[in-house]
Amino acid sequence: MRALVIGWASFRHGEATAGDVLSMRRVGKALSTMGLPHDLAWSPVYRPGDVNYEEVDPARYSHVVFVCGPAHGRQVREVHRRFAHCHRIAVGVSVIDPEDDTVTGFDQVFARDRGGVGTPDLSLGVPTDTALVTGVILAPEQREYGDSGRHAAVHASVKEWIAGVDCARVPLDTRLAASDWERCETPDQFTSILSHLDVVVTTRLHGLVLSLQAGVPALAIDPVEGGGKVTAQADALGWPALVPAEEAGNRDVLDSWWRWCSSVQGRAVAALRALPGDDGLVRDMVKALKTRPVR
């Protein structure tokens, strides 16, 4: 006897949601507790290198447990075809049409909702690990820097790198809008988000400044070759976690500064930078306004 645990996170053209994966974990743990050998199968897109749903040998399994999501559609029909010899159970699924062959094809169905009647979802109560919550703030193309701007290449490198970092990524934009729900309307709203983050990765000047103002370590990457305003601001603030455009593709450099920003030392240095800023520019402006120009 051996069971294969599958769900929508197992299909190449399916969808891996947090709830799906947690539900599959819960079923896997239950099978381990009862002593039934099993595999959790994943989409090769979602988890390349793990047990690949497309490549498993159906003859190896006596049971199939389909977990979470709707019992509906061609992918579920394919499960019934490929694993026709197995005892097939659906658990924690939504049953839209009880007479559909995707539903009746299972030997047993334990629905989370059917005909408007629900039962608690399998994802509830599944233990999870804590990951660093990381804001990612990338600058738009800044044409004023001309040929020195390396925004496209730098951002491609940063995105590829951060995708491999074990953290909870939160894409953010410093641009404000009054009618776009995906953006903050006021700076107060934006800085409130920053205050709940653990780390920020940014190529924007204000991504750096406002993160430090919130006491949050910022891994700043300057997208301008030779150094632009991000470098100048990091120097002005005495902030060390700065990566020049020329090194944005170096994973070792990014990893090193990531570890520092995530460390106790990085957080302590960021907390010091949260002190009130220097009013030098404002003083210069006020002085100029008080001085009567000579004509």
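Which residues make the nonpolar surface patch of about 370 Å²?

Guide: This is a predicted model, and the description that follows rests on it. The patch in question is formed by Val-282, Met-285, Val-286 and Leu-289, and its area is about 370 Å². Of these residues, Val-282 is placed in helix 10, which covers residues 280-290. Val-282 has a relative accessibility of 44% and therefore counts as partly exposed, since that class lies between 20% and 50%.

Arg-81 is exposed because its relative accessibility is 58%, whereas Glu-78, at 29%, is partly exposed.

Another salt bridge links Arg-251 and Glu-160, whose closest N and O atoms are 3.3 Å apart. Arg-251 lies in helix 8 (residues 251-262) and Glu-160 in helix 4 (residues 151-163), so this pair ties together parts that are 91 residues apart in sequence. Arg-251 is partly exposed at 39% relative accessible area, while Glu-160 is exposed at 53%.

A further salt bridge, between Asp-173 and Arg-175, has an N to O distance of 2.7 Å. Arg-175 is partly exposed, with a relative accessible area of 40%. Asp-173 and Arg-175 also take part in a network of salt bridges that includes Arg-183 and Arg-204.

Key: Residues numbered from 1 in each chain as written. Predicted model: local features only at pLDDT ≥ 70, side-chain atom pairs only at ≥ 80, totals over all residues. Heavy atoms only, no water. Patch = residues over 30% accessible without salt bridge, like charges linked within 9 Å, V, L, I, M, F, W, Y side chains within 5 Å. Areas by Shrake-Rupley, 256 points an atom, 1.4 Å probe, with all protein chains shown as cover. Salt bridge = Lys/Arg side-chain N within 4 Å of Asp/Glu carboxyl O. Helix = DSSP H or I, 4+ residues; strand = E, 2+ residues; numbered from the N terminus. Buried < 20%, exposed > 50% of the residue type's maximum accessible area, 1.4 Å probe, protein only.
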